[in-house]
Amino acid sequence: MGEVAARPRGGGVGGMVLGGSAAPAAVGGDDAVVMQLAAAEGEESVVTINCPDQAGLGCDLCHTILEFGLRITRGDVSTDGHWCFVVFWVVPRSSTIKIRWASLKNRLMSMCPSSYSIPFYPEISQPGPTKFYLLKLLSPDRKGLLHDVTHILSELELLIHRVKVSTTPDGRVVDLFFITDGMELLHTKERQEETCSTLISTLGPSISCEVLSAEGFQQGFSSLAPKIAEELFRVELADSDMSSLSAELKKVQTATINFDNSLSPAHTLVQIICANQKGLIYDILRTMKDCNIQIFYGRFRSDKKGPVNNVCREVDLFVKQVDGKKVIDPEKQEALRSRLRSEMLHPLRVMIVSRGPDTELLVANPVELSGKGRPLVFHDATLALKALGICIFSAEIGRQAASERQWEVYRFLLDDSKEFPLANSPTNRNRVVDRVRKTLMGCYN
């Protein structure tokens with residue numbers, strides 16, 4: 001764990017500083033990641049990363065920051081192709097979220113490369129073998145239980161990769177979570193005990209918990225029917241979907257993306273103006289990463305303060321192609337513009353379908369070429385269902401190939417209650433889809 005010291009900002013009373021010293025920055029030292037924590041609730045904390053660069057590092061840093069429950073409000077990134085300097089201004093997504101700042105700092109430190117000799121944009125390497133664990137939870141059933149468990153696991157830095165939830169006839173719930181540990185300590189007895197004791201102390205003594213190794217984990221996932229898959233994975237929203245969107249969601253369905261090659265002799269300026277939403281900076285950076293577009297300088301800013309869904313985001317990116325050339329070809333510009341629009345305006349797919357006599361909620365997001373899925377989708381989807389008072393009878397997460405890419409698909413079998421009927425109520429189905437979409441896009445958290 002890095003040095004933790006209180007340090008005033010601007011000569012006044014300020015927040016706590018994690019990392020940092022008077023010595024020059026050094027790879028592996030505390031100065032590679034410095035955090036200036038907010039002095040008061042509602043103020044921004046500042047995360048600074050100063051380390052050697054590598055392909056897609058900015059995207060990976062954003063992914064981790066989102067994973068810890070933070071929203072990036074502003075950002076500056078710059079690199080000379082070998083060394084990068086990144087500053088993110090962040091705030092918690094909710095006042096109820098407990099941010100593990102020291103753990104976040106350690107995770108970001110572990111992502112910093114340890115050598116200058118890193119070629120720019122090598123082949124994006126696939127992640128190494130991952131250690132999976134099975135968390136078995138037995139509990140009395142109640143509304144919102146799945147989200148409450150998911151929230152606790154998120155705060156413990158336990159990442160959910162697959163989940164099987166089933167309800168027994170006697171009203172008990174059996175949750176099987178296939179997880180990995182962001183701290184890489186779940187093989188220890190202490191970490192397993194911390195996980196179970198936190199779940200029991202938060203949810204009550206009536207639950208039982210067990211953590212097991214999941215060697216050779218390969219959970220099957222039933223593919224979606226072709227007609228449903230075609231509708232779920234299509235690139236653009238259909239007219240019928242657009243007409244059913246709420247006013248808040250219609251605001252984020254517009255964006256201006258322009259290219260300018262006159263301001264820099266070596267770089268193309270990509271200018272983006274769009275409505276703000278949760279994960280927007282991550283969506284832009286992951287698209288650039290997957291398209292092999294190198295960002296040499298970038299600035300992310302908002303034109304005014306206010307509720308997240310009422311803020312206009314302005315982005316300036318000076319970029320090059322993987323071959324070191326500017327993006328001049330009009331066809332390449334249009335292809336990148338189309339891809340950015342799709343990933344920014346339609347990053348998540350939500351729909352409700354009938355599964356025999358039951359009702360199923362589907363949520364899907366594209367998977368990065370590196371194999372990473374989007375952070376906290378399961379968390380936010382279950383939060384939306386809890387807010388509507390809908391019980392989840394079973395749930396599973398899997399991956400499916402469609403439209404020449406991999407998708408992460410979340411399937412929730414919903415309980416059809418008298419209070420909130422779904423089987424024969426298009427109005428209630430639309431309410432579910434709208435609430436889930438708005439939660440995923442940041443209208444509520």
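Biologist: How much space lies in the largest cavity?
Modeller: This is a predicted model. A search of the whole structure finds six cavities of 30 Å³ or more. In the largest cavity, the space is about 260 Å³.

Biologist: Which element gives the largest share of the lining of the largest cavity?
Modeller: The lining of this cavity has 21 residues, and D53, G56, L57, G58 and I295 are the closest to its centre. Elements that give two or more residues are β5, β6, α8, β13 and α1. The largest share is four residues, and it comes from α1.

Biologist: Between which domains does the largest cavity lie?
Modeller: By class, its lining has 13 nonpolar, six polar and two charged residues. Two domains both give residues to this lining, so the cavity lies between them: domain 1 (33-111) and domain 4 (241-345).

Biologist: How far apart in sequence are the parts that K289 and D60 tie together?
Modeller: The side chains of K289 and D60 meet in a salt bridge, 2.8 Å from N to O. K289 lies in helix α8 and D60 lies in helix α1, so the pair ties together parts of the chain separated by 229 residues.

Biologist: Is K289 buried or exposed?
Modeller: Buried means under 20% relative accessible area. K289 has 4% relative accessibility, so it counts as buried.

Biologist: What separates R191 and E194 in helix α4?
Modeller: R191 forms a salt bridge with E194, and their closest N and O atoms are 2.9 Å apart. The two residues are three apart in helix α4, so what separates them is about one helical turn.

How values were computed. Residues numbered from 1 in each chain as written. Predicted model: local features only at pLDDT ≥ 70, side-chain atom pairs only at ≥ 80, totals over all residues. Heavy atoms only, no water. 1 Å grid on protein atoms, 1.4 Å probe; cavity = no way out; pocket = protein on both sides within 12 Å on 5 of 7 lines; lining within 4 Å. Points joined across faces, edges and corners; volume = space filled by probe spheres on them. Nonpolar A, V, L, I, M, F, W, Y, C, P; charged D, E, K, R; others polar. Domains from an automatic or database assignment. Salt bridge = Lys/Arg side-chain N within 4 Å of Asp/Glu carboxyl O. Buried < 20%, exposed > 50% of the residue type's maximum accessible area, 1.4 Å probe, protein only.
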